[in-house]
Amino acid sequence: MDFEAFYKISYGLYVISASNGKKINGYIANTAFQVTASPPQIAISCNTDNFTCGLIEQSKKFSISILNQNAKAETIGLFGYKSGKDIDKFESIDYTKAQSGTPVVLEDCIAWFDCKVNQVIEVGSHKMFIATIVENNLLNADADPLTYEYYRKVKKGVAPKNAPTYIDKSPETPKETDSTMTKYKCLACGYIYDPAIGDEESGIEPGIAFEDLPDDWTCPTCGSPKEMFEAV
Ligand code: FE
């Protein structure tokens, strides 16, 4: 199997949210696509291990928020690499509720859809939910959506391990270079800090060892602190 071929499939990146009335949660998905226009229906593929998957099954409702291309690393880290079993992801972010009561993430998002599930298809590790769109809102017509390709190439992110597209053989795994300085890997998202490259986004020039990064430096992909990194 040539794993690189899978990266030629285009995807967007979305926050899928749901609530069972008691608990509220959301996660980052790259699989959401419109299946029919009339009625407007959309499908998502959700890992059964995701806390949100159970909430969708109970409520038969979920929302899809489309991430902005310039979404903050903290937002992606919160929804992509942390579990709602451990924390309340909605504690400190901007969100609203659709007319149906479904939570809808607004933080770093440019449009959203509120969906009512009408079919569930079991597909091994995942469940596919096919749903009718009952409400939507375009928040920012001028902004570009974040795509999986942009996330991988520009933000240097890797798929969370519960994603349907996760490949347990990341091409982001560092290759040997001449650099003698140690690379460090973010245990949350898989981002590799390479001293030979630095971190342009945070103004870190090439040649700065991981140990010499400021204490408040965070992962440019998911926002995790330095403590989440391990030498590779
Ligand atoms: Fe990270």
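The side chains of Asp-199 and Trp-217 are joined by a polar contact of 2.9 Å. The structure described here is a predicted model.

- Asp-199 is found in the loop that runs between strand 11 (192-193) and strand 12 (229-231).
- With a relative accessible area of 5%, Asp-199 is buried, because the cut-off for a buried residue is under 20%.
- Apart from neighbours within four places in sequence, the contacts of Asp-199 are Tyr-191, Tyr-193, Ile-204, Trp-217 and Pro-220.
- With neighbours within four places in sequence again left aside, Trp-217 is in contact with Asp-199 and also with Tyr-191, Tyr-193, Ser-202, Ile-204, Phe-210, Pro-225, Lys-226 and Phe-229.

- Distant parts of the chain are linked by the pair Cys-186 and Cys-222, which are 36 residues apart: Cys-186 belongs to strand 10 (residues 184-186), and Cys-222 to the loop between strand 11 and strand 12.
- Cys-186 and Cys-222 are both buried.

**The nonpolar cores**

- The largest nonpolar core has 31 residues, and those touching the most other members are Leu-67, Phe-79, Tyr-191, Tyr-193, Trp-217 and Phe-229.
- At least two residues of this core come from each of helix 3, helix 4 and strand 10.
- Helix 3 gives the largest share of this core, with four residues.
- Another core, of 24 residues, lies apart from this one and has Tyr-27, Ala-32, Phe-62 and Cys-115 among its members.
- In soluble globular proteins, nonpolar side chains tend to be buried together.

**Helix 3**

- Helix 3 (residues 73-81) is largely enclosed by the rest of the structure, because eight of its nine residues are buried.
- The buried residues of helix 3 are Ala-73, Thr-75, Ile-76, Gly-77, Leu-78, Phe-79, Gly-80 and Tyr-81.
- The cover over these buried residues includes strand 1 (14-19), strand 2 (24-29), strand 5 (61-67), strand 7 (103-105) and helix 4 (148-153).

**Strand 5 and its partners**

- Six of the seven residues of strand 5 are buried, and the strand is mostly covered.
- Strand 5 pairs with strand 1 in the antiparallel sense over four bridges, and Ile-66 in strand 5 stands opposite Tyr-14.
- Strand 5 also pairs with strand 8 (residues 109-123), in the antiparallel sense over seven bridges; the bridge partner of Ile-66 in strand 8 is Ala-111.

- Three strands in the order 11-10-12 form an open sheet with antiparallel pairing.
- Strand 11 and strand 12 are at the edges and have a single partner strand each, so one side of each has no neighbour in the sheet.
- Strand 10 pairs with strand 12 in the antiparallel sense over three bridges, with Tyr-184 opposite Ala-231 in strand 12.

Conventions:
Residues are numbered from 1 along each chain as its sequence is written. This is a predicted model: local features need pLDDT of at least 70, side-chain atom pairs count only at pLDDT 80 or more; totals for chains, interfaces and linings use all residues. Side-chain values use heavy atoms; hydrogens and water are left out. Buried means under 20% relative accessible area, exposed over 50%, partly exposed in between (1.4 Å probe, protein chains only). Contact means heavy atoms within 4.5 Å. A polar contact is a pair of N or O atoms within 3.5 Å; within protein, one must be able to donate a hydrogen and the other to accept it, and residues adjacent in sequence count only if both atoms are side-chain atoms. A nonpolar core is a set of buried Ala, Val, Leu, Ile, Met, Phe, Trp, Tyr and Cys residues joined through side-chain atoms within 4.5 Å. Two strands pair if DSSP finds at least two bridges between them.
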